[in-house]
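Trainee: Please take me through one part of this structure in detail. I would like a close look at how the parts of the chain meet.

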Amino acid sequence: MKVLVYSIHGFDKTFLEHAAGDKHELIFTEVSLNAETAYLAKGCDAVALFTSDHASSDVVETLHSNNIRFIALRSVGYEHIDILKAQSLRIKVANVPSYSPYAIAEYTVALLLSLVRKMNETQQLMNNNNFLLDTLVGFDLHGKTIGIVGTGKIGSAFVKIMNGFGCKLIGCDINENLQLIKDTGIRYTNLKELCQQSDVISVNCPLNSSTKYMFNKSVFSQMKRGVVFLNTARGGIVNTVDLLDALDDGIIKYAGLDVYENEKSIFFHDFTGKQIEDELFRNLRSRSNVLITGHQAFLTTEALEGIARTTISNLDEWENYGTCKNEIKINFTFIKQNYEK
Ligand code: NAD
C-alpha cells in the first residue's frame, strides 16, 4: 500500500520503517495534516496520522476526493478525527488501541515524584552550588489517597504502581474494572467524592464530548485544598483558565501536565529563540509548582515499537482482507452521545 505518513518526527521514523519492511511504500512528511495539506495525499491509498494531525470534516472530504481509503492512526486517542464523516465516506479508520500503557503510567509517576520531592528546585540549587535543604521539604506518598479518573489500560497500570507505594486508591470510571478491584482493592466512587477525598488526582480517561472540560471551576472547587493534579490524558479534559484559578486559590498545590488544551500549535515544534504567543501556556509554564511537558509520556522504545508494529499490521490487514480488527466503528448510541450534544 502507498501511505503518506504525516507529522513524522525523528523519534518515530525508524520504528515505522523497520516495522513496514518492504511491505508498504511509506512516504514521510514533517507537515501536519490540515485543510491546507490534505491534497499532499493524492496518489496514496492511505494516510498515517499522529495526534498533532487534524482530520476535520472538510479535511476528510479532501482525503476522500483524493481517493484515500484508509486512515491509520499512530495513537490510542481519535478525538482529532471526524470518524463519523470518514465512516459516511467509507474511509476506514483504525487506531493503536494499546501500546505499553506502562510508558504513560510510569511517566505519570515521574511527574508526581518530581513535584512532591521538588526535583526541579533541587537541580537548580545544585547547579548554583547551594546545598541547603530548607526549601526542599516534600511529603510521603505512602498512605495518601490517590484518585484515578479512568481506570482503563493506562489508569490501571498507574493504580498498580501506586498500590506498590502503599497508597489508598479510589477510582471513577463509567465501567468499573473488577479485576483491578481484586488486584489492588481500589474502591470506585463518583467524581465529587473522589475530588473531596483525594490527595492526588490523575486524569486517565479519553477526551470526548462527555469529558470535554470535565475538570472545571465547579469540579476544582470540590477538591481537597493542596491536592496534586496530574493530566497525562488529553488537554481538552481540563479547562486551563479554571486550573490556573485553582492554582492561584491554593486548591491545587502542584500540577503535573503532559498535555495542554491548545497544544497543537506548540508541542512537537522547535521554538528556540522565538516567543511563544500563547498566554495561557506561558502562564502555566512560568509557575514553579507546575511541571508541564510536551506530550511525551508515550516516548519510550517499547511504546514506539508497539505503535509502529500495530500501525503497520493495521495496514497489512486492510491490504490482505479489506478490514482490520482495530477499525473504529461508531454505533448509533455513541453518535447520539458524542455528536448530538
Ligand atoms: P482505555 O480506553 O484503556 O481507558 C480509558 C478509560 O476511561 C476506560 O476505562 C473508560 O471507561 C474510562 N472513561 C471513559 N469516559 C469516562 C468518564 N466520563 N469518566 C471516567 N472514566 C471514563 O484508554 P487508555 O489506553 O488507558 O488511554 C487513556 C487516555 O490516555 C487516551 O484516551 C489518551 O487520550 C491518553 N493517552 C495519552 C498519551 C500521552 O502520551 N500523554 C499516550 C497514550 C494515551
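**A loop, then the domain interface**

Mentor: Start with Y39, which lies in the loop between β2 (25-28) and β3 (46-49). Strands (E, at least two residues) and helices (H or I, at least four) are DSSP runs, numbered from the N terminus. This is a predicted model: local features need pLDDT of at least 70, side-chain atom pairs count only at pLDDT 80 or more, and totals for chains, interfaces and linings use all residues. Residues are numbered from 1 along each chain as its sequence is written, and side-chain values use heavy atoms, with hydrogens and water left out.

Now the domains. Domain 1 covers 2-99 + 301-339, and domain 2 covers 101-292. These bounds come from an automatic or database domain assignment. The C-alpha centres of the two domains lie 29 Å apart.

Next, their interface. Here 15 residues of domain 1 are in contact with eleven residues of domain 2; contact means heavy atoms within 4.5 Å. About 1100 Å² is buried between the domains, and carbon and sulfur atoms give 52% of that area. Buried area is the accessible area (1.4 Å probe) that two parts lose on being put together, summed over both.

A salt bridge is a side-chain nitrogen of Lys or Arg within 4 Å of a carboxyl oxygen of Asp or Glu. The whole structure has 13 salt bridges. In one of them, the side chains of E79 and R234 meet at 2.8 Å, N to O.
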